[in-house]
Amino acid sequence: MYGALDTSTSALVAQRTRLEISAANIANAQALTNAAGEYEPYRRRFPVFAAGDPATGSPNGVHVASIEIDQGPLVPRLEPGSPYADADGYVKYPNVNSVIENMNSLEASRAYEANIAAIEATKSMMSVALQILA
Amino acid sequence: MIDDIANADTIPVLERLVQFAGQRHRLIVNNIANFDTPGYRPVDVSVESFRNQLGEAIDDRRGRRPDGKLNPIDSEQVEFLDDGMVLHADPIGENILFHDGNDRDLERTMQDLVENFMTFRTAAELLRSRMDIINSAIAERI
Amino acid sequence: MTDPLGLIGSIDRQLPPLPGMAGRPQDGPGFKQALNEQIAKVNELQRDAREAIEDLASGRRNDIESVLIATQKADTAFKLLLQVRNKVVDAYDEVKQMRV
């Protein structure tokens, strides 16, 4: 049964990571400069899930295999007065869509709760099995 | 004589049911964990086939000696060991709803989780009550 | 050796009735037979419960509640029989220790 607990926990970790990445995206939705102050619009990050849990070496469970940077097109906005405007007066903004980020957060929450329910079931089964003895 | 205790009444049958439900629980939990994993196909074993295997072994046992050993026959998905079993699960579901290859059906998976848990619990409680009765008889005390 | 009451002899022989009790009617079926009947009934209840559990496990029936009730009946009947048996054994021990 402990294997089942490991599996569910790995899913909780993965989904929470996904939530955090979504939160980071939303927080940086208007960020035009990087940490050094240079003009580098923030690009959306997204996690790539893969089966298996490297922490325990088990083929069950899930983990974040990598966090990729969305190379999709940045969002241009017409701001002729901005120091970052290009020749046509457009400034490129981060490719973060709040609707998509909200949906992702909702899905991550839903999956998180489903795994909590799985953990509760595992705990109950372990108690019941113990009662066979006592 | 001691063998007869281990194989008495419905104890071997309930034992196999508890083992099956325990193993299947791990399967279902892994499906839930990989709910969002692209390319992951949810897997499961057929509960009906297992119950048929159990039924055949029960009939066979009744024919020989009612408290004899239960000898279930392996199938592709369920392999019986002396003190447990190994499940070989197959991918389920034909519908490809999402283009990343995963077929998500959270509600049905949660229902499977609950049903399987109830089977586990019922079998385990019945197993305990059978053993309690045998213990009562041995101790000559309720 | 005189044997006025006719007690010495084959144990299968019916004892003659004690004086004053000659008119008593014969007893009913007897304790031993009643006990055997109860044992048979408990056995039957246990067998029914066992079949019910096996049918539930193999999927031939799915009414858990009936199976649980049948199991409970069988177990309670068994416990009752166990208690009766204990009382009988205790009574026998007591009688055995009586000094004649």
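This short talk walks through a predicted model with chains A, B and C.

First, some ground rules. Residues count from 1 along each chain as its sequence is written, while chains are lettered from A, and ligands numbered from 1, in the order in which they are written. Because the model is predicted, local features need pLDDT of at least 70 and side-chain atom pairs count only at pLDDT 80 or more, while totals for chains, interfaces and linings use all residues.

Let me start with the core. A nonpolar core here is a set of buried Ala, Val, Leu, Ile, Met, Phe, Trp, Tyr and Cys residues joined through C-beta atoms within 7 Å. Buried means that 20 or more other C-beta atoms lie within 10 Å of a residue's own; exposed means 12 or fewer; partly exposed is in between; C-beta atoms are placed from the backbone. The largest such core has 43 residues. Those with the most contacts inside it are Leu14(B), Leu17(B), Val18(B), Ile32(B) and Ala123(B). Which elements give two or more residues to this core? From chain A, helix 1 (2-27) and helix 2 (98-131). From chain B, helix 2 (11-33), helix 3 (47-64) and helix 4 (106-139). From chain C, helix 1 and helix 2. Helices (H or I, at least four residues) and strands (E, at least two) are DSSP runs, numbered from the N terminus. Helix 2 of chain B gives the most to this core, 11 residues. In soluble globular proteins, nonpolar side chains tend to be buried together.

Stay with helix 2 of chain B. Of its 23 residues, 20 are buried. From first C-alpha to last, the helix reaches 33 Å, close to the 33 Å expected at 1.5 Å a residue. That expected span is 1.5 Å times one less than the number of residues. Val18(B) touches Phe120(B), Ala123(B), Ala124(B) and Leu127(B), leaving aside residues up to four places away in sequence. Touching, or contact, means C-beta atoms, placed from the backbone, within 7 Å.

Now the interfaces. Chain B puts 21 residues in contact with 26 residues of chain A. On the chain B side, helix 2 and helix 4 each give two or more residues. Helix 4 of chain B has the largest share, 9 residues. That side divides into 13 nonpolar, 4 polar and 4 charged residues. For those classes, Ala, Val, Leu, Ile, Met, Phe, Trp, Tyr, Cys and Pro are nonpolar, Asp, Glu, Lys and Arg are charged, and the others, Gly among them, are polar.

Chain C also touches chain B. This contact takes 15 residues from chain C and 17 residues from chain B. Helix 1 (31-57) and helix 2 (64-96) of chain C each supply at least two residues. Helix 2 of chain C brings the largest share, 8 residues. The chain C side splits into 5 nonpolar, 5 polar and 5 charged. Chain C itself has 2 helices and 0 strands. Of its 100 residues, 12% count as buried.

Two backbone details in chain B. Asp9(B) has a phi near 55°, positive in a residue other than glycine. It sits in the loop between helix 1 (2-6) and helix 2 of chain B. Is Asp9(B) buried or exposed? Buried, because it has 20 C-beta neighbours inside 10 Å. Glu140(B) also has a positive phi, near 55°. Its place is the segment after helix 4 of chain B. Glu140(B) is exposed, because 10 other C-beta atoms lie within 10 Å.

Methods. Two residues are in contact if their C-beta atoms, placed from the backbone, lie within 7 Å.
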